[in-house]
Structure formats: structure tokens, C-alpha cells
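This briefing sets out the overall fold, the pockets and one surface patch of the structure shown below. The points are grouped by topic.

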Amino acid sequence: MPVLLKTILLLSVSNVFMTFAWYAHLKNLNDKPWYIAAFLSWGIALVEYLFQVPANRIGYTALSLPQLKILQEVISLTVFLPFAMFYMQQPIKLDFLWAGLCLVGAVYFMFRSM
């Protein structure tokens, strides 16, 4: 499997866990003390790191650090959009499209020399 594909897959899984660790407690644990949400989020984040660290190590063999960061941000927002819409039941806005277009530009400039 190509390095870029491995990196994208691992970062995608990582970002699913990261998104839940960062935001799911707003829906599910809103009535609990903050420290309970923090400990549960840390547990989820541990799983996230089990995918993120290998993804970055593998990706760094073929990508630069700025390329890895832009790739992670694109994946993060790609994961966040369905999470926000379906899990958190947030309305979709046209601003998501504009932000996505800005990210396409960022990806272009980071990867144009490859």
C-alpha cells in the first residue's frame, strides 16, 4: 500500500476518535462535571494517538512536515462535517463550502512541488 494512502487511512481513523474526544462530551456529558468529561475524553484521545503517531511516522517518510499538517487539517474537517451534521445535529452552512475551498487551495500550494 502506498505511503500516502496508509497515512490518509490512519489519519482518518485517528480523526474520528479525535473529533469524538473533543466534542462528543458536549452532547453526551453536558450534565456531568467537567473532569468526568475530561477523563473520558483522554481515554478516547489515547486511542486516537495509537493511530495518529504511526500515521505521522509513516507519512513523514514521504511527506514534509507542512504537507502532513495540511493533510491532517483537511482530513479533520472532512471528518468533522458529518460528525457535526449527523451526530451533533448542527445545520450545514454555506461557510463550510467556502472553508473547504480555502483548504483545497492550501492543499494545492503544499503539494504542487510533488
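Helices are taken here as DSSP runs of H or I with at least four residues, numbered from the N terminus. With that numbering, α1 gives the most to the lining of the largest pocket, namely six residues. The model is predicted, and its chain contains four helices and zero strands.

**Overall fold**

- Read along the sequence, the chain follows the pattern α-α-α-α, and its secondary structure includes no strands, the count for these being zero.
- The C-alpha trace of the chain spans about 50 × 35 × 20 Å along its principal axes.
- The chain has 114 residues, of which 27% count as buried.

**Largest pocket**

- The volume of the largest pocket is about 270 Å³, and among the 15 residues that line this pocket, those closest to its centre are E48, Q52, N56, K69 and Q72.
- At least two residues of the lining of the largest pocket are supplied by each of α1 (3-28), α2 and α3 (65-87), with α1 giving the most.
- By residue type, the lining of the largest pocket divides into eight nonpolar, five polar and two charged residues.

**Second largest pocket**

- The second largest pocket holds about 210 Å³ of space, and its lining is formed by V74, L77, T78, F80, L81, F96, A99, G100 and L103.
- Both α3 and α4 (94-111) supply at least two residues each to the lining of the second largest pocket, where the largest share, five residues, comes from α3.
- The lining of the second largest pocket comprises seven nonpolar and two polar residues, with no charged residue.

**Nonpolar surface patch**

- W34, Y35, I36, F39, L40 and W42 together make a nonpolar surface patch of about 760 Å².
- One of these patch residues, I36, lies in helix α2, which covers residues 34-59.
- Why can I36 be described as partly exposed? The relative accessible area of I36 is 32%, and the term partly exposed applies to values between the buried limit of under 20% and the exposed limit of over 50%, so I36 falls in the partly exposed class.

Key
Residues numbered from 1 in each chain as written. Predicted model: local features only at pLDDT ≥ 70, side-chain atom pairs only at ≥ 80, totals over all residues. Heavy atoms only, no water. Patch = residues over 30% accessible without salt bridge, like charges linked within 9 Å, V, L, I, M, F, W, Y side chains within 5 Å. Areas by Shrake-Rupley, 256 points an atom, 1.4 Å probe, with all protein chains shown as cover. Salt bridge = Lys/Arg side-chain N within 4 Å of Asp/Glu carboxyl O. Buried < 20%, exposed > 50% of the residue type's maximum accessible area, 1.4 Å probe, protein only. 1 Å grid on protein atoms, 1.4 Å probe; cavity = no way out; pocket = protein on both sides within 12 Å on 5 of 7 lines; lining within 4 Å. Points joined across faces, edges and corners; volume = space filled by probe spheres on them. Nonpolar A, V, L, I, M, F, W, Y, C, P; charged D, E, K, R; others polar.
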